[in-house]
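Subject: Structure for you to look at

Hello,

I am handing over the structure we talked about, and below it you will find what came out of going through it. Please keep it open while you read, so that you can follow each point.

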Amino acid sequence: MIEANGVNKHFGSNHVLRDCTISVDTGEVVTLLGASGCGKTTLLRCIAGFETPDSGSLVLANQDVTRLPPNRRDVGFVFQNYALFPHMTVAENVAYGLKARKTAKETIRAEVDKVLDLVSLTEFARRYPKSLSGGQQQRVALARSLVLHPKVLLMDEAFNALDAKLRGAMQIELRKIVKHVGITAVCVTHDQAEALTISDRIAVMAEGRIQQFAAPDQIYDKPASAFVADFVGAANILPRKSAERFKTAHKSLNGSGALVIRPENFALSPSSQGGGVKGEVVFARLTGPAMEYEIALADGTILRALVDRDRQEPLAVGSTVEITIRNPDACVPLPGTA
Ligand SMILES: Nc1ncnc2c1ncn2[C@@H]1O[C@H](COP(=O)(O)OP(=O)(O)O)[C@@H](O)[C@H]1O
Ligand SMILES: [Mg+2]
């Protein structure tokens with residue numbers, strides 16, 4: 001449904017997009033994930049038609065749209081600040097685009113009813129935006145795009161204005177709604193948890209380049225680089241020489257390339273009798289179902305470890321532990337590193 005092929009974009013001498021290539025299947029939700037300034041919004045705006053690439057092409061539904069203006073691309077765009085009309089009711093806001101298209105009144109009413117039901121706002125139809133919560137306003141903005149049945153829905157940091165709890169709830173709701181409608185969507189976020197929640201595939205970006213484009217479990221389990229490993233989830237990245245010293249149940253960690261070891265892959269044994277790698281607990285905190293620790297090794301390396309509370313009693317700060325690797329197969333080598 002969407003193809004960006006080798007897209008490059010400069011702003012003056014700033015090379016903002018570097019050979020960006022992604023393809024999005026029909027009905028798929030893809031997220032552009034990366035730190036502020038890495039080029040996510042610019043790539044999204046290229047897809048929408050608000051920016052034109054310097055080189056490369058954009059294809060929507062098998063049509064080359066690289067030179068087409070936004071209004072001829074059939075995309076819906078949901079912005080961070082909602083941009084609702086304050087003097088119009090929720091229903092009028094949602095109806096606006098259909099009215100502009102001179103759609104018949106009865107059709108407008110039916111379509112608006114349907115989409116308000118979809119986003120659970122039926123009872124708010126006659127209210128004005130300022131009397132709604134942030135989450136409700138966000139759903140109006142979503143409804144206003146969806147009512148036009150665009151081929152593609154684009155969302156740029158749509159949940160930034162929401163507080164953490166509501167934000168998490170809206171992510172789940174968005175995922176359910178877009179999957180229910182079956183629309184193809186590209187979302188932009190700097191929040192890795194949000195990307196994991198809403199996406200079929202994630203394009204991790206840094207400095208204008210796509211670092212890895214894969215399903216959430218692939219990104220987490222098989223990160224393509226130290227950057228991706230560190231950006232999505234927490235990661236210990238150890239030189240091979242240090243990693244080889246850890247004991248494992250059934251397999252050595254010998255090989256080449258630094259290893260990515262997720263915090264949940266460490267086991268911490270309170271006994272200091274064994275011959276394995278030892279460390280000191282220097283920080284402990286409860287995350288809810290698990291305890292998170294920082295463990296200082298003799299050479300000063302700090303490891304992050306995450307231990308389910310039903311696996312082990314909490315360890316005290318200051319105690320010495322022996323560290324082993326639970327599943328060596330889950331450690332990911334990074335080619336081209338030591
Ligand atoms: N219209 C513009 N003119 C000049 N520079 C821009 C413009 N839009 C974005 N940039 C620059 O391009 C880079 C990428 O910006 P952006 O795509 O907004 O990143 P992100 O959305 O990942 O935070 C930044 O360095 C930003 O300052
Ligand atoms: Mg942005």
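Strand E1 (residues 2–11) and strand E2 (14–24) run antiparallel and are joined by seven bridges, where strands (E, at least two residues) and helices (H or I, at least four) are DSSP runs numbered from the N terminus, and two strands pair if DSSP finds at least two bridges between them. Along this pair, Glu3 stands opposite Ser23 in E2, and Ala4 stands opposite Ile22 in E2. The two strands form a hairpin with two residues between them, and Gly12 in the turn has a positive phi of about 60 degrees.

Before going on, please note that this is a predicted model, in which local features need pLDDT of at least 70 and side-chain atom pairs count only at pLDDT 80 or more, while totals for chains, interfaces and linings use all residues. Residues are numbered from 1 along each chain as its sequence is written, chains are lettered from A and ligands numbered from 1 in the order in which they are written, and side-chain values use heavy atoms, with hydrogens and water left out.

Now to the ligand: which residues are around ligand 1? Among them are Phe11, Asn14, Val16, Lys40, Thr41 and Thr42, where a residue is near a molecule if one of its heavy atoms lies within 4 Å of it. By class, this shell divides into four nonpolar, six polar and one charged residue, with Ala, Val, Leu, Ile, Met, Phe, Trp, Tyr, Cys and Pro counted as nonpolar, Asp, Glu, Lys and Arg as charged, and the others, Gly among them, as polar. Strand E2 and helix H1 (40–48) each supply at least two residues of the shell, and the largest share, three residues, comes from H1.

Oxygen atoms of ligand 1 lie 2.9 Å from an N or O atom in the side chain of Lys40, 2.8 Å from a polar side-chain atom of Thr41 and 2.6 Å from a polar side-chain atom of Thr42.

Best wishes

Terms used: Polar contact = N/O pair within 3.5 Å; in protein donor to acceptor, adjacent residues only side chain to side chain.
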